[in-house]
Amino acid sequence: MSKFASFKNKDEKFSIQSAVLPLLNEGEILVKNLCTSICRSDIHTFQGKRIEKSPTILGHEIVGLIQELGPNAPIKDLKGTPLKIGDKITWAIYASSPDDLLSKAAMPQKAKDLFKYGHELITETSHFHGGLSEHTILRKNTPIVVLTPALPDEIASLINCSVSTVAGAIRLAGALNNKSVAVYGTGMLGIIACAMASKMGASDVIAIDENTTRLITSKKFGATETYLPNETLKNKVDIVLEFSGAVLAMQNSINYLKIGGVAIWIGAVFPQPAVQLNAEYIIRNILSIKGLHNYNNEDFINAVNFIEANYSFFDFQSLIKKGFDLDEVQAAFEYASDQNPFRVTIDLS
Ligand SMILES: [Zn+2]
């Protein structure tokens, strides 16, 4: 038997249930979950701002240990490291068909047969697909990377959503060398973006937020300057990474750009009113706007490499509120929703 927290909707509390672990199918891997962090999108679902299929097991920022390899399970991870029982691993939020044209075009997160951990329906035969659970069953075609055992679980759990999404945004922005990079919104993703941009050679890392406490934090993670949203940055930056999802922020992000600049919009993953833009301004200033949802395999590998190289350099632990176990998921979500810390983690070890 294995325990999990079932989520129905914002009006019902999480219910702790258990089910028998099934025999593994072709290509599957059983993972003993170690730690799950509560992503902003989980909180939006908890608050009813997003509606997911339910009942479901929320939580997709997960790290765990390989407990069992199913028949014809993959023998190597994305980096070519052999997979064995006891390995500490992270895996992508998605599993999809590698033969689909979207996978071949480096967008596996949108490809055929898409399955997303932490977003699937609980059925009589399918339970273990979310992080608020003692176990996860990784299905065939799940991108996996083996982690260094020394990496703390709480930091490792951030890799497969927050860090990978930031890596994807930076890929879309292009080389950062000697570029001025603005990071709009300094929640978990924005803080990671400051850290990554500073390590990737940006000349300036400009953090923008209405929360001055978060701006102070951003300076410990590579931000060189901080601004409130109403302070003018007109035509000052080469790249804007927009994580807040606020309409005004997306409009401002265009005005901040120098000629030839690029805005990457990542934050607006909930129902939105339209953004007002002036086409002539975009054309005459040769601006680009790119959207990013989730990330791809290359971003996922880059995220693992960044965290393994820098987890001692940046104090990510200081951003994480620990101490909740699986039976305390309701309290953990209420804390995350009311107190709004950078991250709250569930200890499953
Ligand atoms: Zn997420």
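**Close-up views of a predicted model**

At 0% relative accessibility, aspartate 299 counts as buried, since buried means under 20% relative accessible area, exposed over 50%, and partly exposed in between (1.4 Å probe, protein chains only). This is a predicted model, in which local features need pLDDT of at least 70, side-chain atom pairs count only at pLDDT 80 or more, and totals for chains, interfaces and linings use all residues. Residues are numbered from 1 along each chain as its sequence is written, and side-chain values use heavy atoms, with hydrogens and water left out.

**View 1. Aspartate 299 forms a salt bridge with arginine 171.** The closest N and O atoms of these two residues are 2.6 Å apart; a salt bridge here is a side-chain nitrogen of Lys or Arg within 4 Å of a carboxyl oxygen of Asp or Glu. The pair links distant parts of the chain, with aspartate 299 in helix H9 and arginine 171 in helix H4 (residues 159-173), 128 residues apart. Helices (H or I, at least four residues) and strands (E, at least two) are DSSP runs, numbered from the N terminus. Arginine 171 is partly exposed, at a relative accessible area of 30%.

**View 2. Aspartate 327 and lysine 3 make another salt bridge.** Their closest N and O atoms are 3.2 Å apart. Here too distant parts of the chain are linked: aspartate 327 sits in the loop between E16 and helix H10 (329-339), while lysine 3 is in strand E1 (residues 2-6), 324 residues apart. Lysine 3 is partly exposed, with a relative accessible area of 27%. The model's count comes to ten salt bridges.

**View 3. Three protein donors hold positions around the zinc ion.** Look for Cys39 (SG), His60 (NE2) and Cys161 (SG), 2.1 to 2.2 Å from the zinc ion. Donors are N, O and S atoms within 2.8 Å of the metal (3.2 Å for Na, K and Ca); water is not among the atoms, so sites may look incomplete. In sequence, the donor residues follow the spacing C-x20-H-x100-C. Cysteine 39 lies in the loop between strand E3 (29-37) and helix H1 (40-47), and histidine 60 in the loop between H1 and strand E4 (61-69), 21 residues apart. Cysteine 39 and histidine 60 are both buried.

**View 4. Phenylalanine 7 and phenylalanine 14 form a tilted ring pair.** Their ring centres are 5.4 Å apart and their planes meet at 50 degrees. Rings of Phe, Tyr and Trp (its six-membered ring) pair if their centres lie within 6.5 Å; planes under 30 degrees apart count as stacked, over 60 as edge-to-face and the rest as tilted. Phenylalanine 7 is buried at 3% relative accessible area, and phenylalanine 14 counts as buried at 10%.

**View 5. Phenylalanine 221 and phenylalanine 314 are stacked.** The two rings are 6.0 Å centre to centre, with 15 degrees between the planes. Phenylalanine 221 is buried at 1% relative accessibility, as is phenylalanine 314 at 4%. Ring pairs join Phe221, Phe306, Phe313, Phe314 and Phe316 into a cluster.
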